Amino acid sequence: MLRFLFRRLIVALLVAATVMTLAFVLTRLSGDLAISIAGPNATAADIEAVRKAYGLDRPVLTQFFDWVGRAVTGDLGNSYFFQTRVSTLIAERMPVTLTLGLTGLSLALLISIPMGILAAVRENTNFDRAVQMVALIGQAMPSFWLGLLLMIIFGLTLGWLPISGTGSWEHFVMPGIVLSFSAVPALTRLTRAGMIQAMSSDYIRTARAKGLSRASILLKHALRNAAIPVVAIAAVQLGFMLGGSIVIEQVFALHGVGFLAWESIAKNDFPVVQAVVLVLAVIYVALTMVSDLLNAVLDPRLRA
Amino acid sequence: MSALLEVEKLEVGFGGSTSAVRGASLTVERGETHCLVGESGCGKSVTALAVMNLLARGGHRTAQRLSFQGEDLLKLDDRGMARLRGNAMAMIFQEPMTSLNPAYTIGSQMTEVMRRHKKVSQRVAIDRAADLLGRVGITAPGLRLGQFPHQLSGGLRQRVMIAMALMCEPQLLIADEPTTALDVTVQAQILRLLAQLQRDLGLGLLLITHDLGIVARVAHRVSVMYAGEVVESAATAQLFADPRHPYTQGLLRCVPVPGKQRQDEPLGSIPGTVPRIGPGFEGCGFRDRCTFADATCAHTVPHQTAAPGHDYLCRLAP
């Protein structure tokens, strides 16, 4: 188990290093940073001044290692636009994104696990087909469009929910639903497939031969085994949601990390862009490790 | 007093195209070991699953009579049947490797069945589980209770299955080829164990097997199944000494008997294969492979008695 964890940790560090390199390279590829920072009316002298001030005149490799060296110690540099430390900016915005992501994931699990179980129990009935159809539609629907649709119906027409901002829990309902929609199809299908497989297994026949109640057979014996891949994927999905909330934070004007990333890209505030990419990647890698750990906790065969 | 288990004219079909069991009848008395023999696909396991009402999806059973301790099982709903299963009637299976839930400990799976059927505390259930594990020959029961199925060998898992089946002191234990998946040495151990438990606890044991060696050693009574029917049923000694159905005779010729058989004499075999039988099939299912078959075998198969307690399905005179 410890060796397994150690190996996972090494892989995680390698992924983080790769992401850092990519984030750095991609921001440089987007054009001459000094020109975009200086603005459209800048003279050649202004641009040169900017280049000097931000250290962009140094060799690229020096810039890279300088950035990496600081990032490893937690110093992500200063934002050009906000004139504050990037780490402070991200820390301020993170709670909104985390709340949104966790809301989305909870909703997704609350919807997809019962739907998956019911679809499996009623395999090949109309209910099962309806669930699969809904899952398919959910997967095919772009999240910004669903967001706008909900806004029009529940925000403008019915007036039940606020359409933008982060003032209260109600603000997170619609974005949470929209975000959960990205995970519901996969989680539902995974639950359904896992349950169908579990229900036809020998140990379920044993559970029935023991005269256990239907609830115990379904929830204790079958779901426990069917849930192993679902939980693992759910942890990874949370990573997707945190990264993928950029669009939704935009649509619902939630000032989270995604919104920050969008703002910074628009303003060429590349230390922030690099940092957001790095932070999200590290969270994603950490969640993948959590997923492996959960797997080991749920499946005793992996614990040996 | 009625017999422990009475099955009369049991029919099992899967979706209409095949008949897995066609009018099989058998009776298990209290405290007797009854062996159900026949080749693969003859409907032995399906008969057992139908008795327990554990048929896979799409399976449908009908019978003239299906009673356990005088209680009509056909009239019981799912809930009523669940009250009996694991309690008064228990079953163990052919696949010890996959029959235990990989996610729960042995102890949790064993106590669960007792807590479901008897009003006992977890403490009492654990003690009973440990006691039974010792009884089925597992050393260090306390350690095993905390282990997961993957930490146990196949033989140990089958012992756990047996112990788990005995948790609620059943009257009837159905064992569906419990040794097929095990090593030969372990097979003998498990069989000896089952025979001993049957004697000690006065169990009614319905043992499904295709191994006539097992039958000769442990059975009080034997029913021979062929293509979904019980074609012959008799006390073990009687059946081995005086088989009446051509299929039983063929089956017995396929088993080498040390001393009786000469080295150069070829072992018997039954020509042909088991027919696929759909609904509406008439006559004897064995007629295509039978050397005694004539035109009448395509229509009627009389039920005859050779001696008290020795019945068979064939036109041949007793």
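Which residues point one way from β10(B), and which the other way? B:R221, B:S223 and B:M225 take one side, B:V222, B:V224 and B:Y226 take the other, and all are buried. Keep in mind that this is a predicted model.

**Strand β10 of chain B and its neighbours**

- β10(B) covers residues 221–226 and is mostly covered, with six of its six residues buried.
- Strand β3 of chain B (residues 33–37) runs parallel to β10(B), and four bridges join the two.
- One pairing to look up here is B:C35, whose bridge partner in β10(B) is B:V222.
- Strand β11 of chain B (residues 229–235) also pairs with β10(B), this time in the antiparallel sense and over six bridges.

**Helix α1 of chain B**

- α1(B) spans residues 44–52 and is another mostly covered element, with eight of its nine residues buried.
- The buried set is B:K44, B:V46, B:T47, B:A48, B:L49, B:A50, B:V51 and B:M52.
- Just past the end of α1(B) sits B:N53, with a positive phi of about 55 degrees.

**A helix pair in chain A**

- Helix α5 (residues 86–121) and helix α6 (residues 126–140) of chain A pack at an angle of about 140 degrees, and their axes are 8 Å apart.
- The crossing of α5(A) and α6(A) is left-handed.
- From α5(A) come A:M115, A:L118 and A:A119, which meet A:F127, A:D128, A:V131 and A:Q132 of α6(A).
- Sorted by class, this helix contact has five nonpolar residues, one polar and one charged.

**Where the chains touch**

- Chain B puts 22 residues into the contact and chain A puts in 16.
- On the chain B side, α2 (78–84) and α3 (106–117) each supply at least two of the residues that touch chain A.
- That side of chain B divides into eleven nonpolar, seven polar and four charged residues.

Terms used. Residues are numbered from 1 along each chain as its sequence is written. Chains are lettered from A and ligands numbered from 1 in the order in which they are written. This is a predicted model: local features need pLDDT of at least 70, side-chain atom pairs count only at pLDDT 80 or more; totals for chains, interfaces and linings use all residues. Two residues are in contact if their C-beta atoms, placed from the backbone, lie within 7 Å. Ala, Val, Leu, Ile, Met, Phe, Trp, Tyr, Cys and Pro count as nonpolar, Asp, Glu, Lys and Arg as charged, and the others, Gly among them, as polar. A residue is buried if 20 or more other C-beta atoms lie within 10 Å of its own, exposed if 12 or fewer, and partly exposed in between; C-beta atoms are placed from the backbone. Two strands pair if DSSP finds at least two bridges between them. Axes are lines fitted to C-alpha atoms, for helices over the stretch in contact, and angles run from 0 to 180 degrees between N-to-C directions. A crossing is left-handed if the near helix is turned anticlockwise from the far one by less than a right angle, and right-handed if clockwise.
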